[in-house]
Amino acid sequence: MAVAKTIEIVSASSAGIEDAVQSGVAKVAETINNIEGVWVKDTKGVVRDGKVAEWRVTLAVTFLVA
């Protein structure tokens, strides 16, 4: 029987949405093993001087508990 746990994080990037997701998963992977998937629950753009300066994503990261 497998047991999975899901945590929620927020990650940001000025390079784009995909970079925010990739860097968020990479940061979680520094301390958590057996990551199985990620769900982008929300996306937000931060506007400065009339332009999108930063993307923020809320991620649900699922991993198997050993």
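Mentor: Before we start, helices (H or I, at least four residues) and strands (E, at least two) are DSSP runs, numbered from the N terminus. Keep in mind too that this is a predicted model.

Trainee: Okay, then where does Asn34 lie?
Mentor: Asn34 isn't a glycine, yet its phi is positive, near 60 degrees. With a relative accessible area of 43%, Asn34 falls between the 20% and 50% cut-offs, so it counts as partly exposed. As for its place, Asn34 sits in the loop between H1 and E2.

Trainee: And Asp49, what is its phi?
Mentor: Look at the loop between E2 and E3, where Asp49 has its place. Asp49 is exposed there, because its relative accessible area of 80% is over the 50% cut-off. Asp49 is not a glycine, but its phi is positive, at about 55 degrees.

Trainee: How many residues lie between E2 and E3 in their hairpin?
Mentor: Start with the pairing: E2 and E3 (residues 51-65) run antiparallel to each other. Arg48 stands opposite Lys51 of E3. Asp49 belongs to the turn of this hairpin, and the number of residues between the two strands is 2.

Trainee: How many bridges pair E2 with E3?
Mentor: One of the pairs to look for is Trp39 with its partner in E3, Ala60. The pairing of E2 and E3 is antiparallel, and its bridge count is 12.

Trainee: What about E1, then: how many bridges join E1 to E3?
Mentor: Find Ile9, whose bridge partner in E3 is Leu59. E1 and E3 run antiparallel, and the number of bridges joining them is 11.

Trainee: On to charges. How many salt bridges does the structure hold?
Mentor: Side chains of opposite charge can pair when their charged atoms come close. Here you'll find Lys41 with Glu8, Glu30 with Lys27 and Glu54 with Arg56. The total for the structure is 3.

Trainee: Let's take Lys41 and Glu8: how many residues apart are they?
Mentor: Their side chains meet at 2.7 Å, N to O. The pair links distant parts of the chain, with Lys41 in E2 (residues 35-48) and Glu8 in E1 (residues 3-13), and the separation in residues is 33.

Trainee: How far apart are the closest N and O atoms of Glu30 and Lys27?
Mentor: Both residues are exposed: Glu30 has a relative accessible area of 56%, and Lys27 has 55%. The two form a salt bridge. Its closest N and O atoms are separated by 3.4 Å.

Trainee: Is Glu54 buried or exposed?
Mentor: Glu54 forms a salt bridge with Arg56, with the closest N and O atoms 2.9 Å apart. Arg56 is partly exposed, at 32% relative accessible area. Glu54 is at 18%, which is under the 20% cut-off, so Glu54 counts as buried.

Trainee: Now Ser11 in strand E1. Which residue's backbone nitrogen does the side chain of Ser11 reach?
Mentor: Ser11 is buried, with a relative accessible area of 9%. Leaving aside neighbours within four places in sequence, its contacts include Ala20, Trp55, Arg56 and Val57. Its side chain also makes a polar contact of 3.4 Å with the side chain of Ser23. The backbone nitrogen that the Ser11 side chain reaches, at 3.4 Å, is that of Gly24.

Trainee: How far apart in space are Ala29 and Val61, C-alpha to C-alpha?
Mentor: Ala29 has its place in H1 (residues 17-29), and Ala29 is partly exposed at 39% relative accessibility. In sequence, Ala29 and Val61 are 32 residues apart. In space, their C-alpha atoms are separated by 9.9 Å.

Trainee: Last one: what accessible area do Met1, Val3 and Val65 have together?
Mentor: Val65 is found in E3, and at 41% relative accessibility Val65 counts as partly exposed. Together with Met1 and Val3, Val65 forms a nonpolar patch on the surface. The accessible area of that patch is about 360 Å².

Technical notes:
Residues are numbered from 1 along each chain as its sequence is written. This is a predicted model: local features need pLDDT of at least 70, side-chain atom pairs count only at pLDDT 80 or more; totals for chains, interfaces and linings use all residues. Side-chain values use heavy atoms; hydrogens and water are left out. A salt bridge is a side-chain nitrogen of Lys or Arg within 4 Å of a carboxyl oxygen of Asp or Glu. Buried means under 20% relative accessible area, exposed over 50%, partly exposed in between (1.4 Å probe, protein chains only). Two strands pair if DSSP finds at least two bridges between them. A polar contact is a pair of N or O atoms within 3.5 Å; within protein, one must be able to donate a hydrogen and the other to accept it, and residues adjacent in sequence count only if both atoms are side-chain atoms. Contact means heavy atoms within 4.5 Å. Patches are made of residues with over 30% relative accessible area and no salt bridge: like charges are joined within 9 Å, nonpolar side chains (Val, Leu, Ile, Met, Phe, Trp, Tyr) within 5 Å. Accessible areas come from the Shrake-Rupley method with a 1.4 Å probe; for residues, only the protein chains shown count as cover.
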